[in-house]
Amino acid sequence: MRRLPLRLLRSAAAGSLRSPAPSRGCPVPRAPHLPAEAAAAPAELARWLPRRGYSRFASGFTPLEPKKLGSILDVERAKGLSPEHLVAAWDDYHLGRGHIGVSMKAKLYRLLEQRSATCPYFVIPLWRGSGYTTMFMQVQLPHMIFTGLEDYKARGTQASPYYTVTHFTEFAETKDTVLVRGDVVFTSKLTDAEAKCLLETAHSFYLNDVRYKLVERFNKETHDFEFKDVLQALEMPSM
């Protein structure tokens, strides 16, 4: 894999650290996949999970193996960059099919870490054409893993990841920046724009206090969870 061309940077004024903000639903193709080792889900999640019961996701999925930040950029050279230059270079490098590059403040990552520890699962609708497909996500930091809900319910442990996200914390302390990379597993089914929208929406549900109440309800009070509340939060019509 080629290294990040750190010498080709935008001006410091052009790049600023961005915090995830509430986003609306966005288009996405149907059908997906997912894995990663997970603890047993609460019993109340049964109606959202495979008929044969929840168990570990499919194992042996290579994109979930620890990815070194050094395989993407020159970490030593990056240490000398300002946060703005680092973020600008990271964004530029990931322009292209199948990879998404964003960043977030360290304190937001810590909040994501805290909240996902007790609420690791959620469902997100992605709009396409005249309808939407529902994605099932698992947060297992530094990873986020997505698959289609129906695909996961039908295939269980045989379902494979549709889209995976890795958070790199190497610069969290020194630059107050966490670099985030998304890898689209099936590029024929998910565009870069759709993948970025999915990531922004997922972050918003964990980092926005109002939206996070829905995540808590899904994980802790599933019998009271209504999917229409998610659609309403995203300003999407009920089908």
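Which residues does Asp229 touch, not counting residues up to four places away in sequence? Hold that thought while we get our bearings. What you have here is a predicted model, where local features need pLDDT of at least 70, side-chain atom pairs count only at pLDDT 80 or more, and totals for chains, interfaces and linings use all residues. Residues are numbered from 1 along each chain as its sequence is written, and side-chain values use heavy atoms, with hydrogens and water left out.

Back to Asp229. Its touching residues, with that neighbour rule applied, are Leu214 and Arg217; contact here means heavy atoms within 4.5 Å. Asp229 sits in helix H8 (residues 227-233). Helices (H or I, at least four residues) and strands (E, at least two) are DSSP runs, numbered from the N terminus. With a relative accessible area of 18%, Asp229 is buried, the cut-offs being under 20% for buried, over 50% for exposed and partly exposed in between (1.4 Å probe, protein chains only). Its side chain also makes a polar contact with the side chain of Arg217, at 3.3 Å. A polar contact is a pair of N or O atoms within 3.5 Å; within protein, one must be able to donate a hydrogen and the other to accept it, and residues adjacent in sequence count only if both atoms are side-chain atoms.

Let's zoom in on strand E5 (residues 163-168), where six of six residues are buried. Tyr163, Val165 and His167 are on one side, Thr164, Thr166 and Phe168 on the other, and both faces are covered. Four bridges join E5 to strand E4 (residues 143-148), running antiparallel, and Ile145 has Thr164 as its bridge partner in E5. Toward strand E6 (residues 177-184) there are six bridges, again antiparallel; there, Val165 is partnered with Gly182. Two strands count as paired if DSSP finds at least two bridges between them.

Phe168, part of E5, counts as buried because its relative accessibility is 3%. Leaving aside neighbours within four places in sequence, Phe168 is in contact with Lys67, Lys68, Leu69, Ile72, Trp90, Val178, Leu179 and Arg181.

Finally, back to the helices. H6 and H7 pack at about 90 degrees, with their axes 5 Å apart. That makes H6 and H7 roughly perpendicular, since 65 to 115 degrees counts that way, while angles under 35 are roughly parallel, over 145 roughly antiparallel and the rest oblique. On the H6 side the contact is made by Ser204, Phe205, Tyr206 and Leu207, and on the H7 side by Asp209, Arg211, Tyr212, Leu214 and Val215.

Definitions and conventions:
Axes fitted to C-alpha atoms, helices over the stretch in contact; angles between N-to-C directions.
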